[in-house]
Amino acid sequence: MCGIIGYVGRKEQRDILLGGLRRLEYRGYDSAGIAVQRNGSLVMTKVKGKIRDLEKAASSLDLTGSVGIAHTRWATHGEPNDINAHPHTCCGNRIALVHNGIIENYQSLRTLLKERDHHFTSDTDTEVLVHLVEEHLKDSYGHSLEEAVRLALNEVEGTYGIAVIDAEQPGVLVAARRGSPLLLGIGSDEYFVGSDVAAFAEYTREIVYLNDDEMAVLSPDGYLVKNLQAEEMNPDVEKITWELGQIEKGGFDHFMLKEIREQPQTVLDALRGRVRPDTGQVKLGGLQDHQDLLKNAKRIIFTSCGTSWHASLIGRRLIEEFVRLPAEVEYASEFRYSTPVFTPGTVLIAVSQSGETADTLAALHLAKEEGIPCLGVVNVVGSSIARETDTGVYLHAGPEIGVASTKAFTSQVTVLSQISLLMAQLRGTLTEERQKEIAGELVRLPGKIQQILDDTDCIEKIADQFAGADNALYLGRGYSFPVALEGALKLKEISYIHAEGYPAAEMKHGPIALIDDDMPAVILAPGDHVYEKVVSNIEEIRARRGRVLAVATEGNEAMADLADWVIYVPETLDCFYPLLTVIPLQLLAYYVAVRRGCNIDQPRNLAKSVTVE
Ligand code: AGP
């Protein structure tokens with residue numbers, strides 16, 4: 001979704017605001033804008049396009065000023081163009097406002113404000129906010145910007161992260177959030193607001209997370225946090241733990257390739273200090289005080305979206321295999337509007353890289369309203385899902401900038417494996433031998449992933465063959481079915497080739513009609529307990545002159561005779577093949593998209609964390 005940055009301080013606003021937008025661009029990149037307050041007026045420009053287009057448009061502007069805000073957009077209401085870009089200003093051009101989220105009652109507010117002679121210029125939902133603030137700023141009320149924003153927000157339904165400045169109140173920035181991420185950066189006599197810590201991480205490591213229905217007033221004298229009843233809050237100031245280099249490309253052409261190649265390390269980081277291969281024991285800090293909950297759970301419901309949903313499908317299998325508990329996986333967007341039956345002993349696990357996905361957050365709220373214990377498996381520290389679940393486990397994968405999720409997926413599966421192993425340990429559902437075998441193999445996986453990444457030439461060659469395809473079919477059985485879905489999603493997301501993931505056996509019930517020599521089929525065929533069945537599926541495709549790329553286990557020479565192309569991965573346990581077989585599929589999608597000249601890190605129409613429904 002959109003990215004917001006704001007700054008109060010003496011440094012040059014241009015570098016801070018435009019630099020911050022560049023770091024937030026993965027959140028939305030169809031239009032952008034900037035506004036600075038100076039000498040009783042606003043200096044502002046906004047354009048359709050990327051941050052580089054905004055930099056060009058702003059190059060002739062004097063952006064020195066006491067306070068400034070900027071925005072990069074992912075359009076929800078009103079197509080991407082110069083008018084609908086943010087900031088939006090009020091009739092008198094006194095106030096400028098940037099917004100991330102959706103104002104649900106904007107139509108009725110717009111009608112009301114029009115009756116009070118407010119003139120609207122854009123098609124956005126956001127614009128009603130700035131006119132509403134203007135309405136409360138009318139002289140007759142004598143309200144401050146802070147008060148006017150608070151009163152305006154009390155009339156709004158929907159989600160928002162906003163930053164507002166006023167031409168007549170130098171050095172003052174008012175920010176607020178409900179449902180969309182927003183946090184403060186605390187510097188030495190300078191203050192930042194941002195949708196993501198990456199926006200200002202190079203200037204301060206001290207941050208304050210705003211909670212829903214909280215607002216902040218930043219000025220050179222300091223910052224205040226209040227709720228929408230104007231009561232003062234005293235939030236903790238927390239420290240960022242990761243290094244700035246982690247949000248740089250580090251010499252790679254794209255963040256996605258960097259993050260794919262980080263996986264031996266990120267899987268290791270997801271295991272660090274948590275698994276004892278010698279004893280098979282697992283210890284997860286966040287779950288230490290919740291062992292009874294894990295011991296007495298009778299049913300697990302996973303809820304998530306996109307790639308996290310695919311990881312959750314693997315989580316379900318791990319829970320059923322290791323813990324012998326019924327487990328379900330719910331699309332959060334469907335679950336939130338369903339009427340689920342929460343039986344006693346149900347535990348909900350929300351899986352999310354960003355921790356800000358609106359549908360997953362809403363599904364979590366639904367379960368919490370019913371008093372269901374909720375765990376989080378999240379990457380972004382301090383994100384909404386992390387703070388609103390009862391407890392959980394962090395991935396420790398570091399910032400994931402590429403819109404197409406890669407390292408978060410393998411870290412999610414690694415953490416879900418550990419949660420399943422811990423529950424088995426607490427409930428005695430695995431023999432000590434089996435527990436040691438599984439834990440022993442887990443810690444060997446980073447090395448095996450590195451093995452795959454050490455030789456990717458064959459994947460590049462195969463990508464040459466795939467780059468011209470219009471469609472592709474991904475097939476897998478058991479633990480490999482979710483990997484087929486994930487592989488297809490990666491190809492779709494960044495190369496725009498239409499691809500479908502399917503349970504391999506389901507093919508006979510329809511998709512096999514699509515098979516011809518133009519439809520490449522990618523088949524997960526590791527040496528697991530369903531291997532022979534997958535071989536039959538390959539033969540069914542071959543019988544219809546379909547072309548097959550198989551991902552198989554090292555040493556399986558026979559596969560070279562069966563498939564047109566084979567990518568080998570090291571041997572492992574059935575349950576851990578997803579952590580190996582997904583790597584070649586991530587790389588295949590990447591190299592195909594590069595050959596098609598696609599924008600890898602910012603694929604069209606997508607955004608990194610979907611904070612609106
Ligand atoms: C995956 O590559 C996509 N970026 C998308 O499907 C993503 O997985 C989904 O939006 C869920 O995001 P989350 O894990 O941050 O909740």
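This is a predicted model: local features need pLDDT of at least 70, side-chain atom pairs count only at pLDDT 80 or more; totals for chains, interfaces and linings use all residues.
The space it takes is the second largest pocket. Around the ligand stand 14 residues, and the closest of these are Ser308, Ser352, Ser354, Thr357 and Glu493. Two elements, α9 (306–323) and α17 (480–495), each give two or more residues to this shell. Helix α9 provides the largest share, with 3 residues. Sorted by class, the shell around the ligand holds 8 polar, 4 nonpolar and 2 charged residues.

On the side-chain side, an N or O atom of Glu493 is 2.7 Å from an oxygen atom of the ligand. The backbone takes part as well: an N or O atom in the backbone of Gln353 lies 2.7 Å from a ligand oxygen atom, while a polar backbone atom of Val403 is 2.8 Å from a nitrogen atom of the ligand. Taken alone, the ligand exposes 410 Å², of which the protein buries 91%.

Rolling a probe the size of a water molecule over the atoms shows where empty space is left. The count comes to 1 cavity of 30 Å³ or more, and the volume of the largest cavity is about 90 Å³. This largest cavity is lined by 14 residues; Cys2, Arg73, Trp74, Thr76 and Gly101 are the closest to its centre. The lining of the largest cavity divides into 8 polar, 4 nonpolar and 2 charged residues.

Terms used: Residues are numbered from 1 along each chain as its sequence is written. Side-chain values use heavy atoms; hydrogens and water are left out. A residue is near a molecule or strand if one of its heavy atoms lies within 4 Å of it. A polar contact is a pair of N or O atoms within 3.5 Å; within protein, one must be able to donate a hydrogen and the other to accept it, and residues adjacent in sequence count only if both atoms are side-chain atoms. Accessible areas come from the Shrake-Rupley method with a 1.4 Å probe; for residues, only the protein chains shown count as cover. On a 1 Å grid over the protein atoms alone, a cavity is a set of points where a 1.4 Å probe fits but cannot get out, and a pocket is an open set with protein on both sides within 12 Å along at least five of seven lines; lining residues have an atom within 4 Å of a point. A molecule sits in a cavity or pocket if more than half of its atoms lie within 2 Å of its grid points. Helices (H or I, at least four residues) and strands (E, at least two) are DSSP runs, numbered from the N terminus. Ala, Val, Leu, Ile, Met, Phe, Trp, Tyr, Cys and Pro count as nonpolar, Asp, Glu, Lys and Arg as charged, and the others, Gly among them, as polar. Grid points are joined across faces, edges and corners, and a volume is the space filled by probe spheres set on the points.
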